[in-house]
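Please look over the following model. A short report on selected local features comes after it.

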Amino acid sequence: MTGETTPGTAGNAGLDDPPDAVFAYNDLIAIGALRALAEAGCRVPEDVAVVGIDDIEEGRFSSPTLTTIAPDKEEIGRLAVRRLVARIEGTEVAAPLTVQTPFRLIRRESTGSPDS
């Protein structure tokens with residue numbers, strides 16, 4: 001970043017055209033983004049919204065609290081075990097498979113719309 005900056009503006013992030021939101025591939029990266037945005041003078045969620053995936057406990061205690069996608073981890077585990085057993089028993093081929101499992105959006109402060 002160069003030149004004068006004013007605290008609390010997205011321009012402080014050193015981006016010519018800052019994004020409206022950051023959607024991180026997991027909550028730890030999203031929490032890191034919260035920190036980097038704060039250090040750059042960006043306000044979350046006023047300047048940039050942040051969303052992660054995993055619903056790790058740390059997201060409930062970050063500042064601001066982290067909006068996240070919460071996958072059904074038990075269902076993912078059941079599907080993984082079922083596929084593994086089928087492969088061991090020889091009843092399933094090793095072809096790639098796409099599966100969908102349930103998930104929930106947990107809205108918190110990092111998107112400006114907490115559920116609680």
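Which residue takes a positive phi just after helix 2? Gly90 does, with a phi of about 80°. Helices (H or I, at least four residues) and strands (E, at least two) are DSSP runs, numbered from the N terminus.

This is a predicted model: local features need pLDDT of at least 70, side-chain atom pairs count only at pLDDT 80 or more, and totals for chains, interfaces and linings use all residues. Residues are numbered from 1 along each chain as its sequence is written, and side-chain values use heavy atoms, without hydrogens or water.

Asp27 is found in helix 1. Asp27 is buried but has no salt bridge. Buried means under 20% relative accessible area, exposed over 50%, partly exposed in between (1.4 Å probe, protein chains only). A salt bridge needs a side-chain nitrogen of Lys or Arg within 4 Å of a carboxyl oxygen of Asp or Glu.

Asp55 lies in the loop between strand 2 (49-53) and strand 3 (67-71). Why does Asp55 count as buried? Because its relative accessible area is 14%.

| Asp55 part | Partner | Distance |
|---|---|---|
| side chain | Arg60 side chain | 3.2 Å |
| side chain | Arg108 side chain | 3.1 Å |

The two side-chain pairs, with Arg60 and with Arg108, are polar contacts. That term means N or O atoms within 3.5 Å; within protein, one must be able to donate a hydrogen and the other to accept it, and residues adjacent in sequence count only if both atoms are side-chain atoms.

Definitions and conventions. Lys and Arg count as positive and Asp and Glu as negative; His and the chain ends are not counted.
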